[in-house]
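Me: I have a two-chain model open and I'd like to talk it through. Could you take my questions one at a time?

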Amino acid sequence: MTAPTVDESPGPALRLRPPRHAVDPRAVGWWSLQLWLLTAVPVVPLGVLGLLIAPARPWLLLPAVVLAAVGALAALTLPRLWFRHHRWEVTDEAVYTRTGWFFQEWRVAPLSRVQTVDTGRGPLEQRFGLATLTVTTASAKGAVKVEGLDAETAAALAADLTVATQATPEDAT
Amino acid sequence: MLPGFVVAVAAGAASGEWMWRVTSYHVDPERFHVNTGVVFRKRLALRRERIRSVDLTADPVLRMLGVVTVRVGTGEHAGTEGTVTLWPVRQESADALRGTLLAHAARPDGPGAEDAGDGMLARVDRRWIRFAPLSFLSPTLGGAAAGGTLQVADWFGMQVRVVETVGSWFGVAPALLVSAALAVGLLLVGGVATVAIWVEYWWNHTLDRRPDGTLQVQRGLLTTRSISLEESRLRGVEVVEPLAARLAGGARVDAVATGLATSEEDKTDSRTLLPVAPKEVADRVAADVLREPSTPPTAAQLTPHPPAARGRRLRRAFGTVLAAEAVLVVLGLLLTPVLLHVAWISALVLVPLAVLLALDAYRALGHTLTGIYLVARSGTVRRATVALQRRAVVGWTVRQSVLQRRAGLITVVATTAAGRGAYAVRDAAQQDGLTLADAAVPGLLRPFLVGADLPERVLPPG
């Protein structure tokens, strides 16, 4: 038995459809804030040092400006792109997510193989009222993560998923 | 005053004696109990059905005394919690303990029931030693030998003299010749060291299938190891062909199993069922391990990947060389023209090499489905053909970058509890890759697939 070869017939190619739900719109703000903070980590010390140390000023301020420009561009554009591409869906049989824009990634985990369901909220996520849902399987590399969910939706989902996975007792490995 | 080492030896012996006195184990129908600890008493109870491996190790001193170290593993991913080490245990007691603890793995038709597949599956052949030096260890150990020599010379204040001596050789013969001779010498030293390591590891290697339903690897010249793997944990095999070994016609067989050590330093070794051996032998052992009658799934005819995958590999190879050369050229223009010469000479070597590796990497790509296995191959420096049981797939990760999408390629990764946790089919044609994933685990990916070319449903639900 061999895998089917390419079908030469015309028509749209076989592909994965986008998952049904978008993440919470507040995720855009959350991602932006993360990127701004990430930019600030190198830019602020460089800028402060540049203002204090006159002889090295051009060597410190130039990278600071470049980094700030790149960071600002990323913070202004990427979160919107991500918001359009990060999607998730939970069916009776599986958890399905899509993430990334340049490197797109789809993940599927069947509920029958799910081992744990967690929700986590970092300090920034709490400010935005968001939560991250993590569903793990027996594979060390198979976790499915949904970032930027509304905190209450995430908690409800986690509860539903826990019930659903208990209802399908099967050796998870 | 007593000399320090006497105190140290006495203290070591006393603490060893004490540890031995306070450590005990027993097995009841449900659990395997271990009591240990001098300062903090520790009681461990491992549920017997969770125990997945019992490995016996003995270094030369332990062997002289007729005792072994026993490591009992539950295969839990949570670090060291899942492993208990008992040391020292009498050889006979250790064998008995292993028999008891792994009894639950026995086949349903009862322990001791003879099976055609039982017995020795492989035994090391001394001629395989020719594959030993064909490893990245050889140049590494050669380099280490050079570094070690300089270090030792430094302790005696002779480092300068060593450097001067080596430097003086360059006056005798052309520099290129001397460099080549030095490199060959170091490679030889490294090769000898690699052979020595191979002998220590793989001497007396045997791979057996025992009536209690385990595969057992025994090996070692000085330190002997005996590693058991329950067959019920086996999810497939991986036939690995490192570049140099492959050129010499060799391949290694690794087990893909759940619950094998994942965090310890010898994680590759504990998975290896057969050291690098001639490809035919590796294929036969792979077939025997999987109880396949003739050809193993890893030797199946694979569906090749589209030419766009070759283009990607070539572009990546050129890109890597170009980046390295660009650094040389920029530095050459800024500092010294010598670097420009280094750049064009190295480009003459590196560009063909990169092209060869890229073409070889493309040739490696392939995938197929057999009755119960998903088979995927990739890699050039480490070409690996994995046969993973389709029922062991616990999810899919599908990846596609913008560039891959334009080329119509897709990377499909099967996640699993066994082995490395994820096995990838890289750069397959989009249609092929998704069809493969859909067919390998019926029903899982189907609800999320769209497109006119949707193949017939493979399996009715329920």
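Below, we go through the model by question and answer.

Me: Before we start, what kind of model is this, and how is it numbered?
Reply: Residues count from 1 along each chain as its sequence is written, while chains are lettered from A and ligands numbered from 1 in the order in which they are written. Local features need pLDDT of at least 70, side-chain atom pairs count only at pLDDT 80 or more, and totals for chains, interfaces and linings use all residues, since the model is predicted.

Me: OK, chain A. In what order do its elements run?
Reply: Helices (H or I, at least four residues) and strands (E, at least two) are DSSP runs, numbered from the N terminus. Chain A has four helices and eight strands. From the N terminus on, they go β-β-α-α-β-β-β-β-α-β-β-α.

Me: What share of the chain A residues is buried?
Reply: Buried here means 20 or more other C-beta atoms within 10 Å of the residue's own, with exposed at 12 or fewer, partly exposed in between, and C-beta atoms placed from the backbone. Of the 173 residues in chain A, the buried ones make up 27%.

Me: And what part of the contacts with a separation of 6 or more comes from residues 24 or more positions apart?
Reply: A contact is two residues whose C-beta atoms, placed from the backbone, lie within 7 Å. In chain A, with contacts at a separation of 6 or more, the share from residues 24 or more positions apart is 58%.

Me: Which stretch of chain A does UniProt list as "domain: YdbS-like PH"?
Reply: UniProt positions are in the numbering used here, with feature names shortened, and annotations may be inferred rather than shown by experiment. The span in question is 22% helix and 53% strand, with its end C-alpha atoms 27 Å apart. The unreviewed entry puts this domain at residues 84-159.

Me: Which residue in S3(B) stands opposite B:Asn35?
Reply: S2(B) also runs antiparallel to S3 (residues 42-47) of chain B, joined by six bridges. Facing B:Asn35 there is B:Arg43.

Me: In the hairpin of S8(B) and S9(B), which residue takes a positive phi?
Reply: S8 (residues 206-209) of chain B pairs antiparallel with S7 (residues 119-123) over four bridges, and with S9 (residues 214-219) over four bridges as well. B:Thr206 is the bridge partner of B:Arg123 and stands opposite B:Gln218 in S9(B). Four residues lie between the strands of the S8(B)-S9(B) hairpin, and the one with phi near 80 degrees is B:Gly213.

Me: How many residues are in the largest nonpolar core?
Reply: A nonpolar core is a set of buried Ala, Val, Leu, Ile, Met, Phe, Trp, Tyr and Cys residues joined through C-beta atoms within 7 Å. Among those with the most contacts inside the largest one are A:Val108, B:Val285 and B:Trp396, and its size is 100 residues.

Me: How far apart are the centres of domain 2 and domain 3 of chain B?
Reply: Domain bounds come from an automatic or database domain assignment, which places domain 2 at 131-202 and domain 3 at 307-362. Taken over C-alpha atoms, the distance between their centres is 28 Å.

Definitions and conventions:
Pairing = 2+ DSSP bridges.
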